[in-house]
Each structure stands twice: as C-alpha cells, then as structure tokens.
Amino acid sequence: MTVAELEVLGSGGPEAPPAVDESGKKITGRSPTRIAFDRLRKDKVAVICSTAVLILVILGILAPLISNALGLKYADPPSTPAVEYLRFTYPKPEYGPPFGPFTWDHPLGLAPGTAHDNLARLLYGIRTSFAVALLATVLSTVIGVSIGLVAGFARGALDKLISFVIDVFLSFPFLLGALAIAPIITSRFATQPEILAKAQFFSLIGVLVIFGWMGLARLIRGQVLSLREREFVQAAQVIGVPTRRILFKELLPNLVAPIVVTISLSLPGFVAAEAGLAFLGVGLTGIPSLGQSILRGTQYYDQYPLYLWAPVVTVAILVMALNLLGDSVRDAFDPSTRQ
Amino acid sequence: MRLNKPIVAVSTVALLALAACGGSGGGGGTPGGQPTDTFKEGGGSGQGTDPTRNEGPAPEIEGAQEGGTVKVISVAGLNSMDPSEAYYTNTIAILQQLVTRSLTQFVYDEESGDVILIPDLATDLGTPNEDFTEWEFTIRPGVRYENGQEVTADDVAFGIKRSFDRASFPEGAAYSNDYFVDGDTYEGPYKNKGDDYKGIVVDGDTLTLKMRKPFPDMAYWGSFPAIGPIPEGDASDPAKYSQHPWATGPYMFDEYTPEKSLTLVKNPEWDAATDPGRHQYVDGYEMQFDVATPKIDQIMLQDEGEAKNTVSFDSVSAPNYLQFKQDASDRLLFGSEPCTFMWYPDYRQIKDINVRKALAYAYPYKDAYAASGAIEGVTRIPGTNIMPPGIPGREEFNPLPDHEKGATDAAKAKELLTEADALGFEIKFLYATDDTASVDTQKVISAALEEAGFKATPVASTIADSSTTRADPSADINVRSGGWCSDWPSGGSWFPPVFETTDLDKEGLGANYAVFSEPAVDKRIAEIQELDLKEQPAAWNELDQTIQADYFPVFVTSYGGAALMRGSNVNNAFIDPTFGMPTMKDMWLTQ
C-alpha cells in the first residue's frame with residue numbers, strides 16, 4: 001500500500017506522528033497498525049493481558065506434553081480401574097483434595113466418579129476452548145468481511161438483498177438454533193463415535209459462525225459505504241482498476257482497524273459461548289471442554305469446591321484477559337482516543 | 001412396576017428406564033463397601049403373609065405422638081394418580097399406603113425389616129379354589145369413602161373392571177388382562193358398556209374372581225390400588241378421577257397440582273376399627289415434587305425448621321453421601337429396591353454364548369457404578385442371579401467359573417473371545433450425549449470392552465430419545481441396558497415377562513430386551529406356572545440357573561438399593577422393600 005493512501009486515514013487523527021523525534025531522526029510516516037502496536041506496547045493492561053493469554057495458549061497447545069511430563073493421567077479413562085482411586089465417588093484422601101492434602105501427583109485433584117486428573121482435563125479444556133474460539137473467529141471474520149465488502153460496494157438490489165439476509169440471521173435466536181442442531185447432529189452420526197466427536201466440534205463452530213458474522217458484516221458495509229466515495233477509490237475506478245482489486249487492495253487495508261477490534265472482542269465472546277453451550281449440554285460432549293468441567297463441578301460444589309473453581313477461574317481469566325486486551329486494541333486503533 | 005425416577009436420573013445408570021417393577025427385594029441393609037451385607041438372604045420382603053391380622057385397629061405404636069404435618073420432597077413428579085393406572089413406585093406408595101384401600105395390603109414389620117401381606121378391605125387374603133383359577137374375597141362392612149358413602153362389593157368389582165381398560169389407562173399394570181377370564185378381550189366398563197363381564201361375580205359382600213389360568217399370586221395383585229373400590233358413574237370419569245381419587249384410607253387429597261405438589265389431609269370418614277394396617281398419627285402430608293437433587297440433599301442435611309419433619313422419596317446423591325453418612329447417618333434409611341439391572345445382549349445378533357459370557361467378564365461393574373453417580377454397596381450391589389435377593393427359592397449361584405460378583409476380568413474375556421474366534425466383535429450400545437454421567441459411563445464401558453478385545457461402538461442418543469430407541473426391536477444396537485423390578489416376590493413376576501418369547505410385530509420387546517427366544521424355556525415357564533404353589537419357588541430358581549448356564553442371555557450388572565433421608569422429627573420411617581419407598585403407614589412426628 002502507499003503512504004499517500006494511509007495518510008488519508010491517519011491525517012484526521014490528532015496524534016499524527018511527529019515529523020521529527022527526539023534524536024532528530026526524520027520519520028517518514030507510520031501505518032495505523034504500527035501506531036496501534038506502539039500504543040499497545042505502552043499499555044500496561046494490554047501487556048499483562050496478552051501475557052496471560054499467551055501463557056494460556058501455550059498451556060493449551062502443550063497440553064499433551066505437560067500432562068505426560070507431569071505424569072498426569074489424562075487417561076480417558078485411567079488405565080487402572082477408576083474405583084481404585086475412589087471412595088464413595090470422591091478420590092481417596094491419598095489422591096488429594098477434597099479429603100486429603102495437596103499432592104503433586106494431581107495438583108488439582110481427581111475428578112469424582114471418573115478419577116480423571118483435573119489439571120490434565122483443564123489443559124485439554126483450554127485447548128478445546130481456544131481451538132473453537134479461534135476457528136469460529138477466523139471463519140466469521142472472513143465471511144463477515146467478504147459479505148460486508150460486497151454489500152457496501154455493490155449498489156442497489158444486491159446490497160438490499162444482502163442487508164436483508166443479515167437482518168434475517170440477526171433476528172434468528174442463537175440459543176434456539178444451537179439447541180435444535182445438537183440432537184440432529186447426534187442422531188445423524190449416532191453410530192460413528194469418531195465422526196460424532198468431530199461433527200460436534202465442527203457443528204459447534206458452525207453454529208457460532210452462522211450466528212457470529214453479521215455484526216462485522218454490517219460494520220464493514222458501513223465503512224465501505226463511506227470509503228467508496230473517497231477520492232482514491234474514485235480515482236482507481238476512473239483508471240479502470242478491476243473491482244476485485246479495489247475491494248481487496250484499496251478498501252480492505254483501510255478496514256484493518258475495525259476488523260482487528262472485532263476479532264479481539266469476539267474471541268472472548270466465543271470462548272464464553274462455547275463454555276455456555278457445553279454447560280447446557282449441547283456443546284461438545286466427547287472431548288474435554290471448560291464448560292463441561294463447570295457443569296460437572298456444580299454437582300460437587302459443597303464437598304469439593306476446587307473441582308468447580310478451577311475451570312471457573314480459568315474461564316474467567318481467559319475471557320477477562322481477552323476482553324481487556326480487546327478493549328486496549330480498540331483504544332489503540334481508535335484515532336480519537338488520546339493516551 | 002415402574003421406577004419413579006425421571007429419565008435424567010434414570011439415564012445416569014446408563015439408560016435404565018425400568019419397564020416394570022415392584023414386589024420384592026432384600027430386607028434392610030447396611031451401608032459400607034460390603035455389598036453382600038446389604039441383603040438379607042432368604043429374609044425376603046413380602047414373602048410373609050398373615051391372614052389372621054384382619055381386625056382393626058392396627059396395634060398402637062409405643063410412644064407415638066399425634067399431630068404435625070409430614071413434608072415429602074422428591075425430584076420426580078407424580079404420573080397418573082388414578083388408582084387404575086398408578087404403576088410407578090411413588091404413585092403406588094402414596095395411594096396404597098395413605099389414600100386408597102385395596103383387597104389386601106402390606107404392613108412393615110420392624111423386627112424382620114420386612115413387609116407382610118395382610119387383609120385390607122377383604123376380611124382375609126382370599127380363598128382360592130384348588131387350582132387357583134377362582135378366588136373369593138369378602139368385603140368388610142363399615143368402610144366409607146371420604147364423602148361418607150358406603151363402600152360396597154360392587155364398587156370393588158367396578159374398580160377391578162376398570163383395571164382391564166388399557167386404552168384409558170395405558171400405563172397401568174396388565175395383570176387383570178393377563179390372568180382373568182376373557183382378560184385378553186374384555187376392555188373395561190367404558191368400552192364394553194352394559195356388557196356383563198362374567199369374570200367377576202358379586203354376591204352380597206362376596207366377590208368371586210375367575211381366572212383363565214392359575215393365578216396363585218392374586219392376593220399380591222390385590223394389594224395394588226387398581227384392585228380397590230371406585231364409585232361408578234360421573235365421579236370416576238377416567239379423564240378427571242386422577243385429580244382426586246375418592247379416599248378410603250386415612251388421608252384424602254386436599255390440593256393437587258400435577259407434577260408439582262400434593263397435599264393430603266385427614267379423612268374424617270376413615271375408621272381405624274376397620275383397618276388392620278394403617279394409622280392416622282399425623283395431621284397430613286405436604287408433598288413437593290420437581291425439587292432439584294442438590295437442594296433436596298441440602299435441605300435434608302441441614303435438618304432445620306420444617307426439614308425436621310421431612311422425608312425424601314429419593315436416595316441421597318453420591319456427591320453428598322459421604323457427608324450425610326458422617327454427619328447424620330442415623331437419618332439415612334437404607335434398604336433395597338426389588339430390582340435387577342442387567343445388560344441384555346441381543347439374542348438374534350450375538351449368537352455365540354462365549355461372546356455373551358465374555359461381555360460379562362469384560363463389563364467394568366464398579367467403574368460403571370462410580371461413573372454413573374451410583375454408590376457402590378448402597379444403591380448398586382453386584383450380583384449374579386437374575387432374581388434379586390428376597391425372592392423365595394432363590395439360591396446364590398454364579399454361572400461363570402472363576403468369576404467374582406462385580407469383578408472385571410479382561411484377560412478371561414479375551415480368552416473366551418479368542419476361543420469363539422470373535423476378537424474385535426462389535427458391541428453397539430446406547431448412551432445419551434446430553435448427560436455427563438451417561439457419557440462418563442459410556443467411556444468407562446467402551447475402554448473396558450476394548451481392553452477385553454471387543455470393538456466398542458457407543459451409539460449416541462439423547463436423554464429424550466434413548467428409551468424409545470432402546471424399545472425399538474430394529475434399532476441399530478446389539479446390547480440393551482435395562483432392568484426389571486418384581487411386582488411381588490415370586491419368580492412368576494420375573495421369567496415370563498423377561499424371557500418369554502415376545503411377538504415383536506405385535507407387542508414389541510416388552511421387557512424382553514434381549515429378544516430372547518428359546519422354545520424350551522417358554523415350555524418350562526408354562527410348566528412351572530402349572531406347578532403346585534409349594535414347588536414353584538425352587539422351580540423358578542432352577543430355571544434361573546438353567547437359563548444362565550445353558551443360554552446366558554443376559555448378565556446382572558447390579559441389584560438396586562435405596563438410601564433415603566428423613567428429618568430428625570420423623571419416626572418410624574423405614575424402607576418398604578417392595579417399593580424402595582419410605583413406610584408411611586406407621587409414621588409419626590416428635591412434637
């Protein structure tokens with residue numbers, strides 16, 4: 001992209017970069033993305049939050065390695081009979097809380113009833129949550145941006161049609177859709193357990209995407225509507241640049257800010273939605289997830305609070321860190337905020 | 001008869017919706033990891049009868065105080081409360097113990113921890129003819145409905161006729177249809193209007209019931225609410241009668257909100273002098289249903305205020321069992337449910353007996369109890385006989401060599417599979433994806449099957465669909481998980497429904513989840529039913545062994561048990577082993 005074009009966007013902001021910095025070295029100009037990153041780096045909240053998210057991401061990615069290294073039995077189910085570890089549903093005192101002392105063998109204790117290691121399940125749950133949230137975000141962003149671009153740039157009937165479709169999707173209740181799809185998937189793949197787990201995973205992402213792209217599409221459409229009338233777009237049209245090129249080379253770079261902001265705010269939304277759906281029993285059931293861990297934990301809260309608190313705190317940290325980070329990203333990209 | 005648990009709770013035991021349930025089981029049990037201690041061998045429930053206890057009032061209970069209102073809380077709502085249709089453990093318990101009187105009744109005997117069958121409306125336990133095809137009952141005088149109207153033998157006859165009507169009362173027990181003269185064609189007083197049904201003859205206060213095949217257990221069937229008086233006419237319109245059945249017992253309906261609550265108050269017309277079994281110590285009952293399990297546990301555990309006067313219809317849940325046992329073990333009521341939970345390999349699809357035996361070795365009994373949220377030794381007790389402890393004639397045996405009850409032996413299973421040349425045999429069984437306990441149980445079972453050399457294919461279903469799928473003979477599964485509870489302590493309430501060939505097109509599976517069909521067994525069942533009553537118990541037990549030794553069509557995963565909770569003011573609450581419900585006839589409150 002050219003500097004000229006970027007200056008179109010950047011020039012309105014009061015924080016336009018100084019022409020000369022303290023050392024006297026001349027700076028030609030910085031992209032808004034660059035500016036935002038610089039501002040993010042100075043934002044303590046952003047730094048803390050991104051560190052937290054990064055740690056959780058690493059924990060999630062390395063879940064199998066960590067579990068193996070610590071000798072935790074994610075073991076689904078454990079290789080020795082689960083009842084060897086249990087006494088009346090709860091883990092025996094020698095295997096940690098609630099009735100025994102802390103033990104390094106099982107830092108977060110064992111799950112009642114199944115004797116799964118809670119830490120291992122938590123790590124795998126984080127992994128699942130991230131995978132779902134990330135995939136759903138990427139897909140809904142791609143869909144939302146494409147549709148928004150087309151709707152904003154096309155005039156007349158196509159724009160009206162797309163806007164109508166967006167309205168239709170917006171008016172359809174998300175929870176109802178999720179609740180209705182789960183049993184259909186279950187019965188469709190009833191006899192293929194391996195496929196069922198995958199089908200649940202992708203149908204969950206599908207549901208999240210289907211009900212998650214409209215906001216961004218609308219936002220992008222609005223932006224494109226105003227950008228379309230700008231001189232650089234008109235100039236491009238006049239000299240005969242193909243529409244595809246105008247959309248992706250001229251318009252899209254100017255939409256980086258709203259897109260990044262939306263992504264950073266929808267990630268925590270999807271994490272929370274995944275947990276919520278799992279809690280309702282319509283999300284993932286075959287593989288560990290944070291929502292499922294919470295659902296199980298609620299039954300044992302009185303006797304075994306740790307069993308519930310571990311996944312709850314993890315989800316809370318994850319969602320809060322992503323949210324605050326999203327806020328910071330939005331502030332960093334917003335030319336009208338001053339720091 | 002049917003268990004009262006909602007499908008959610010039921011599915012936690014890997015989809016056990018019990019088809020029918022009721023009359024037996026062991027005596028009071030003890031908690032702890034010693035499963036075999038929980039049942040009293042040979043001290044079976046309801047085996048005892050005492051026809052001489054036919055004079056009211058029931059003996060006073062020492063120290064019993066009058067007054068107060070007993071609260072009842074339970075997860076499960078009530079299904080139909082129409083006496084002709086009540087066939088769930090909770091509806092039968094409420095009606096039979098408190099509201100409606102029948103020909104006979106059960107009373108609890110504290111000494112033996114057992115219930116005894118004694119006369120109720122009838123003056124004795126009935127007089128059969130030589131081959132049990134005709135029974136004579138005399139209805140006692142002086143019994144009145146809650147509105148003062150006298151109960152006559154005609155009312156009882158009408159009540160019995162109503163019990164034939166499967167269209168109006170689809171959920172009711174079908175014993176009248178099965179045994180009475182023309183029971184298979186007679187459709188009750190509403191469908192066959194004006195038809196003079198010839199199976200019941202009323203002569204003054206004497207009822208003569210005629211059977212088309214020997215029915216030695218008529219006195220037990222007589223204890224069901226269905227075999228009691230119901231007023232003829234508009235009052236007993238099947239559409240409305242379940243809202244307020246006319247009380248003949250010590251308590252009557254006051255307010256009833258289906259699925260939510262039921263309030264019972266004293267029935268002023270009940271005369272203790274006519275009732276040899278019931279008391280009226282408390283002023284009434286307030287029953288609250290649809291209460292969440294954790295809430296029930298908390299209310300009962302805290303035992304404050306009204307909770308002191310409360311009993312639960314549900315067992316303490318596994319998460320709270322340990323604390324309850326530590327803090328308030330005296331307020332736990334241990335006992336048995338007369339049920340056997342089994343795995344039923346499909347007899348049409350799993351043809352090799354060695355494969356079926358391998359399944360029994362491979363099944364992860366104790367892990368499955370734990371994963372399903374049951375409490376080993378308390379609500380789930382390993383066993384091998386199909387007839388649960390308490391059934392007369394039952395003798396402990398194990399059809400599998402070197403197999404301990406409730407033990408898993410993957411190596412032995414693999415050996416059998418190899419012998420049968422069936423390594424990698426695919427086992428397809430149902431589970432509900434929307435129930436964590438069911439998912440956990442499924443994983444435990446799958447892993448155990450794989451370890452034993454099977455190929456485990458769990459078939460996903462949902463809580464809502466699973467029981468329908470299981471009852472479908474053509475469903476794509478080859479093992480069904482389920483159970484059966486006896487209606488009265490006799491092998492006669494076990495083998496005919498569970499192992500007799502069923503007409504799949506006409507009746508579906510019924511309770512024969514294994515789709516078991518062997519002419520030799522059918523023949524033997526028919527023979528035993530014709531045997532002298534004294535020889536039957538031993539014959540049933542022998543059949544239990546023969547079936548398992550020769551065909552091994554099913555294997556027992558556990559027997560059922562109960563650990564109900566009571567408030568500290570509630571006295572004389574025991575487990576009625578015929579229902580796994582609290583005994584309410586003798587209950588009184590400390591004031």
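What follows is a short chat about a predicted model with chains A and B.

Reader: What should I know about numbering and cut-offs before I start?
Author: Residues count from 1 along each chain as its sequence is written, while chains are lettered from A and ligands numbered from 1 in the order in which they are written. This is a predicted model, where local features need pLDDT of at least 70, side-chain atom pairs count only at pLDDT 80 or more, and totals for chains, interfaces and linings use all residues.

Reader: What are the scores?
Author: The model has ipTM 0.77 and pTM 0.79. Chain B averages a pLDDT of 86, and 92% of its residues score at least 70. pLDDT is the predictor's confidence in each residue, from 0 to 100.

Reader: Where in chain B is the pLDDT below 50?
Author: Over residues 4–44 of chain B. That stretch still has 166 contacts in the model beyond near neighbours in sequence. Two residues are in contact if their C-beta atoms, placed from the backbone, lie within 7 Å.

Reader: Switch to the interface. How many residues of each chain are in contact?
Author: 31 residues of chain B contact 29 residues of chain A.

Reader: Which elements of chain B supply at least two residues there?
Author: α8 (318–328), α10 (365–371), α12 (436–451) and β16 (455–461) of chain B each do. Helices (H or I, at least four residues) and strands (E, at least two) are DSSP runs, numbered from the N terminus.

Reader: And how do the chain B residues on that side divide?
Author: Into 15 nonpolar, nine polar and seven charged. Nonpolar here covers Ala, Val, Leu, Ile, Met, Phe, Trp, Tyr, Cys and Pro; charged covers Asp, Glu, Lys and Arg; the others, Gly among them, are polar.

Reader: Sheets next. What is the strand order in the open sheet of three strands?
Author: The order is β1-β4-β3 in chain B, with mixed pairing. β1 (48–49) and β3 (104–109) of chain B stand at the edges with a single partner strand each, so one side of each has no neighbour in the sheet. Two strands pair if DSSP finds at least two bridges between them.

Reader: How do the pairs run, parallel or antiparallel?
Author: β1(B) and β4(B) run parallel, joined by two bridges. There, Thr49(B) stands opposite Leu117(B). β3(B) and β4 (residues 114–119) of chain B are antiparallel, over six bridges. In that pair, Thr104(B) has Pro119(B) as its bridge partner.

Reader: Is β4(B) mostly covered or uncovered?
Author: Mostly covered, with five of its six residues buried. Buried means 20 or more other C-beta atoms within 10 Å of a residue's own, exposed means 12 or fewer, and partly exposed is in between, with C-beta atoms placed from the backbone.

Reader: What about Asp109(B)?
Author: Asp109(B) is in strand β3 of chain B, opposite Asp114(B) in β4(B). Asp109(B) is partly exposed, with 15 other C-beta atoms within 10 Å. Leaving aside neighbours within four places in sequence, Asp109(B) contacts Asp114(B), Val115(B) and Ile116(B). Phe574(B) is 465 residues away in sequence but 9.7 Å away in space, C-alpha to C-alpha.

Reader: Which residue in the β3(B)–β4(B) hairpin takes a positive phi?
Author: Gly113(B), near 65°, in a hairpin with four residues between the strands. Gly204(B) takes a positive phi near 65° in the hairpin of β7(B) and β8(B), which has two residues between the strands. Those strands, β7 (residues 200–203) and β8 (residues 206–210) of chain B, pair antiparallel over four bridges.

Reader: Now helix α7(B). Which residues are buried?
Author: Thr293(B), Ile296(B), Asp297(B), Ile299(B) and Met300(B), in a helix spanning residues 293–302 of chain B. They cover an arc of only 165° around the axis, which puts them on the same side of α7(B). The arc is that of the directions from the helix axis to the C-beta atoms.

Reader: What do they pack against?
Author: The buried residues of α7(B) pack against β2 (69–73), β12 (310–315), α8 and β18 (555–566) of chain B. Just after α7(B), Asp303(B) takes a positive phi of about 55°.

Reader: Last topic. How many residues are in the largest nonpolar core?
Author: 241 residues. The residues with the most contacts inside that core are Leu208(A), Val271(A), Ala358(B) and Ala362(B). Such a core is a set of buried Ala, Val, Leu, Ile, Met, Phe, Trp, Tyr and Cys residues joined through C-beta atoms within 7 Å.

Reader: Which helix gives the largest share?
Author: Helix α5 (residues 118–153) of chain A, with 14 residues.
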